Amino acid sequence: MADGSMTDGKIDFSVIDAIARKHSVERGAVIPILQEVQDTLGYVPKAAIQRVADDIDVPASEIYGIVTFYAQFRLEPLGKYLIKVCHGTACHLCGAEMVADTIAQVTGAKEGATSEDKLFTVERVACLGCCSLAPCIMINSDTHGRLTPESIDKTMQEIRKKEAASAG
Amino acid sequence: MSLAKEEKWTIKIGLASCGIAAGARKVYDAFKTQLKDKSLNVEIKQTGCMGMCYNEALIEIISPQNESTFYSKVTPDKVERIINEHIARSTPVTEWAIPQKELKGLMAKQKRVVLRNCGIIDPESLEDYLAAAGYQALEKVLNSMSPQEVIDEITTSGLRGRGGAGFPTGIKWGFARKAEGEPKYIVCNADEGDPGAFMDRSVLESDPHTVIEGMLIAGYAVGASEGYFYIRAEYPLAIKRLEIALAKAMEKGFIGENIKGSGFSFNIKIRQGAGAFVCGEETALLMSIEGKRGMPRVRPPFPANSGLWEKPTTINNVETLANVAWIILNGAGAFNSYGTEKSKGTKVFALAGKVAHGGLIEVPMGITLKEVVFDVGGGTSSGLEFKAIQIGGPSGGVIPASMADTQVDYESVTKTGAIMGSGGLIVMDESSCMVDITKFFLNFTQEESCGKCTFCRIGTLRMLETLKRIANGEGKEEDIELLEELAHNVKRASLCGLGQTAPNPVLTTIKYFRDEYEEHIRDHKCRAKKCQALITYEVISEKCPGCGVCAKYCPTKAISGERKKPFVIDQEKCIRCGLCMNVCRLGAISVQ
């Protein structure tokens, strides 16, 4: 995900241009373009919206409307680990609120926010479709199921340890 | 210890999302590594969802004599013993194997049409699919049937749309065939957004070619030349496997120009849904493919006449398309021998919630809910009494245990006030509060309302506020009537399925569990002990050894005490999240 396409908070517009060019041969390509921009940059910066608008000749207001309509798009950068907390029906019955509370407790990031150390971003999602393993969460692209406060705590500590090791 | 070369063993490991989440990938790797240096003749295969999600990570070992054994909740440290005893010495590790009786019980009432290959073939292998009669239905159609004959066969089979509304598929295809305009499109709706549903994900992760073949046959029948899979971005593995399947099918000439020399050409693209539940509604979905905000529009014109870019478009759900090849190969008669008078065939359900044997199941239409919960699902997981079943997700309703004899078919389910929906079945026990679950669904539909229709946008919000009030113990006597009135108005004044069905959870819970609402309002009591404003947590001093785990996890630091002495909860600070009760292994926290 988010990698070297941004330096000093500046966006490399040629990356966005290339993405727009690749998809623009197709009709209705604006959503795939935004999806790839987000995959590359980790989020959709406001400046990228204007750039995509110029590239494919669609009003920026319309693109902003699309970005804010769909839950997938983010206007703010992410922490290194994106935790999606499942609030599907099965997870709700099996303790999704307990999971959310524990995660807020151990990461320091509430749902919808990023932790101060920029390590964790916590998001609320409708359903991850792993209902039989409820309650579950997704950390980046890995799903973790049958969670308990202890197992969540353990997983987060492991991530912290790994990060501390690579930093030090 | 040596085995003759021809004595081949097969190990199948379920690598769909649920399995991977339960650690199946590590189990797969452990088998690979540990078998590398052994002179055993073993093939390790990945496969998709075997349906028994409660047993993940799940593996199947097939002996040279073709005897199958399933192992449940396998972890890498169990691998060595399984290899040494079961494979090397042909003595299964019985204490880890799933008893044959349990397997038989699970399968006794199931009938697998859609899931025929799931958990059996490798979803990333076209050869596996071809060996399971794959693409034979397509070849049959191209070589020996006219498009009208295909439509007639599907109409005769009685197949109805599995996305929820249940419109007859053959008739839908007929409309699109007759519609004027070129090109025509087939869209597969894989935007499975209802919480509690994972049928489409599992099918696409486990047997993507079946769905592709169904789409190709649909394309041939209606005279379409282009297809789209509209699939949730939240399903990365399903997208990956679908991409692999499309590439392989294209390479072998099942997709593309002049397919198998028939003159029929068809191309398929994938579009990822960007996280809007309303895009499951067909006109909103089309808007999204066109690159707009996914908001529904007035019908008519129906998509069959004016759909994607105003061209004739057929929209079918994943499960609907997954039935098609089977019907063509086995005949409409074989399909409509299952089911009831008006609902033919089988239905796939995602069985979850407080059920012992949760997973992906496929049952003939007409089976009763009781059979699903007890015979297939093994009853409740908690041992508490079965209270109700939620069917159809946020568009559906709650059916009480007293009506568990209700048959699962479109008409019978609709009669209860719920709808069949796409296939989420959530079992609830006595610890589930009906006001709470309704509030949960309304919260979802209210957030997902696209905002176009006033009644859906504002009406669902007013309903949610009322439900919150009741759950907080601040409900008024007239609130139940207010909810009913709002519910009827939202149903009547909304354009699409989202708003028309959003009140169903409210109406069904009021209909069947009115006393629970009244208890919340009059007695400020939540019998399931779910509604936070109406309960209190306390430490049972006699049971508390003073370990301090509860205090460690308490988010508001409301629990305090000295080590080795009973702790106490400060009710002023307590937010009643229940974390303490969850972490206490000694049952020393009570809720009243």
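Me: A helix axis is a line fitted to C-alpha atoms over the stretch in contact, and the angle between two axes runs from 0 to 180 degrees between N-to-C directions. In this predicted model, at what angle do helix α18 and helix α21 of chain B pack?

Reply: Helix α18 (residues 454-471) and helix α21 (residues 504-523) of chain B pack at about 35 degrees, and their axes are 10 Å apart.

Me: Which residues of α18(B) and α21(B) meet?

Reply: From α18(B) come Met463(B), Ile470(B) and Ala471(B), and from α21(B) come Val506(B), Tyr517(B), His520(B) and Ile521(B). Pairs are counted when their C-beta atoms lie within 7 Å. By class, the residues of this contact are 6 nonpolar, 1 polar and no charged.

Me: Why is Glu518(B) called partly exposed?

Reply: A residue is buried with 20 or more other C-beta atoms within 10 Å, and exposed with 12 or fewer. Glu518(B) has 15 such neighbours, so it counts as partly exposed. Its place is in helix α21 of chain B. From Val373(B), Glu518(B) is 145 residues away in sequence and 28 Å away in space, C-alpha to C-alpha.

Me: How do you know that the buried residues of α15(B) are on the same side of this helix?

Reply: In helix α15 (residues 369-376) of chain B, the buried residues are Leu369(B), Val372(B), Val373(B) and Val376(B). Because they cover an arc of only 120 degrees around the axis, they are on the same side of α15(B). An α-helix has 3.6 residues a turn, so residues three or four places apart point the same way.

Me: What covers the buried residues of α15(B), and which residue follows the helix?

Reply: Among the covering elements of chain B are α4 (100-108), β9, β10 (359-364), β11 (386-391), β12 (397-400) and β13. Gly378(B) follows α15(B), with a positive phi near 70 degrees.

Me: How do you know that the length of helix α7 of chain A agrees with its number of residues?

Reply: The expected span is 1.5 Å times one less than the number of residues. For the 19 residues of α7(A), residues 149-167, this gives 27 Å, and the end C-alpha atoms are 27 Å apart, so the two agree.

Me: What makes up the contact between chain A and chain B?

Reply: Chain B contributes 49 residues and chain A contributes 43 residues. On the side of chain B, α1(B) gives the most, with 4 residues. That side has 27 nonpolar, 16 polar and 6 charged residues.

Me: How many residues does each of domain 3 and domain 4 of chain B bring to their contact?

Reply: Domain 3 of chain B has 10 residues in contact with 16 residues of domain 4 of chain B. On the side of domain 3, β12(B) gives the most, with 3 residues. The residues of that side are 5 nonpolar, 5 polar and no charged. The domain assignment places domain 3 at 346-429 and domain 4 at 434-523, and 22 Å separate their centres, taken over C-alpha atoms.

Key. Residues numbered from 1 in each chain as written. Chains lettered and ligands numbered in written order. Predicted model: local features only at pLDDT ≥ 70, side-chain atom pairs only at ≥ 80, totals over all residues. Contact = placed C-beta atoms within 7 Å. Helix = DSSP H or I, 4+ residues; strand = E, 2+ residues; numbered from the N terminus. Nonpolar A, V, L, I, M, F, W, Y, C, P; charged D, E, K, R; others polar. Arc of directions from axis to C-beta. Domains from an automatic or database assignment.
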